[in-house]
Amino acid sequence: NIITQINKMECDSVKHCAFDKCKNEEEYQYLNLIQNIIDNGAWEEGRNGKTKSIFGNMMRFSLQDGKIPILTTKKTAWKTCLKELLWFIRGETDNKILKGQGVHIWDANGSREFLDSRDLTNYEVDELGPIYGYQWRNFNKNYISKKQNDLSGWRDDNLIEGLQDNGIDQLQQIIEKLKNPATRTSRRLIMTAWNPCQLDQMALPPCHILCQFNVHDGNKLSCMMMQRSCDFFLGIPINIASYSLLTHLLAKHCGLEAYEFIHSMGNIHLYENAIDAANLQITREPYPFPTVSIKEVRENINDYQVEDFEIHNYKSHDAIKVAMVA
């Protein structure tokens, strides 16, 4: 088919890969984009350092039969990714919750120095504002910082009560539609984290900004995610795994089958400090992707725990350490 032909051409374009020997042709989409950035990217001086970048691309990953695209050419911290995802799902924005689970993805963005650089001087350290999970579960609900909430004499219970019901629970709306055979094929199953009204209240404006869910053949659930800013070495492997896990979870929760994850990307870049590591990664041959199983269906989407997920047969090359640029 056309997709196979495209993958073959892309695979053949990488010198170290012969298509008929590829164990995991889908991962070569990622490796080939690294090569494309290195060969054709433009150097740009951005907000937080120098990057080599290209603009606009797409990757597709099958989720059929439990397949989960956790990249294998370097070890990917899938448990860290899953803990962050469940934190998003619960609408959490306090980085201390993640720190308590040994997850440090948001530490730099929750530091006093970084918050002050965003003019969020009234936030406590590790208070991230109305970021992803807040928008997923309380879109555009008035955000009140912890310090504001605790200020003596500021709190007006009538005002607070009035603010409680003005957010939109996008995720729950999608779940309800996916569970209903009459609505699950809607073309409006969209969840957005990009809220221009509250960007300045966020420690970091969202990089993965919007996703659309789609059901075909009655029960096959796919997700397409649009990402405006793509840290291709450190961030994208986590983003791929995260939205694929989310799709598997929603399929399980709503009585469907996970089918495909499509990743649409805007500014795709490698930070200067990641170039050598990226050159190392593209010399490695991928292993087959693992599979995921979810032990049980919980009553509420908020109730799933890390222990409910099992990853089977994940084999990878060694981790490649690169410092994150906040």
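Entry 1, the whole chain. I noted at the outset that this is a predicted model. I looked up the secondary structure and found eleven helices and eight strands. For burial, I read that 51% of the 326 residues count as buried. I then turned to contacts between residues at least 6 apart in sequence, and of these 69% join residues at least 24 apart.

I checked the length of H2, which covers residues 27-40: at 1.5 Å a residue its 14 residues should span 20 Å, and because its end C-alpha atoms are 20 Å apart, the two values agree. I next asked how many of the 14 residues of H2 are buried. The count is ten, so I wrote H2 down as mostly covered, taking buried to mean under 20% relative accessible area. The buried residues include Glu27, Tyr28, Gln29 and Tyr30, and Ile37 and Ile38 are also among them.

I looked up how H3 (residues 78-89) lies against H10 (residues 235-254), and their axes come within 9 Å and cross at roughly 55°. That angle makes H3 oblique to H10, and I noted the crossing as right-handed. On the H3 side the contact is made by Cys81, Leu82, Glu84, Leu85 and Ile89, which meet Ile238, Ala241, Ser242, Leu245, Leu246 and Leu249 of H10. Sorted by kind, the residues of this contact are nine nonpolar, one polar and one charged.

Methods:
Residues are numbered from 1 along each chain as its sequence is written. This is a predicted model: local features need pLDDT of at least 70, side-chain atom pairs count only at pLDDT 80 or more; totals for chains, interfaces and linings use all residues. Side-chain values use heavy atoms; hydrogens and water are left out. Helices (H or I, at least four residues) and strands (E, at least two) are DSSP runs, numbered from the N terminus. The expected span of a helix is 1.5 Å times one less than its number of residues. Buried means under 20% relative accessible area, exposed over 50%, partly exposed in between (1.4 Å probe, protein chains only). Axes are lines fitted to C-alpha atoms, for helices over the stretch in contact, and angles run from 0 to 180 degrees between N-to-C directions. Angles under 35 degrees count as roughly parallel, over 145 as roughly antiparallel, 65 to 115 as roughly perpendicular and the rest as oblique. A crossing is left-handed if the near helix is turned anticlockwise from the far one by less than a right angle, and right-handed if clockwise. Contact means heavy atoms within 4.5 Å. Ala, Val, Leu, Ile, Met, Phe, Trp, Tyr, Cys and Pro count as nonpolar, Asp, Glu, Lys and Arg as charged, and the others, Gly among them, as polar.
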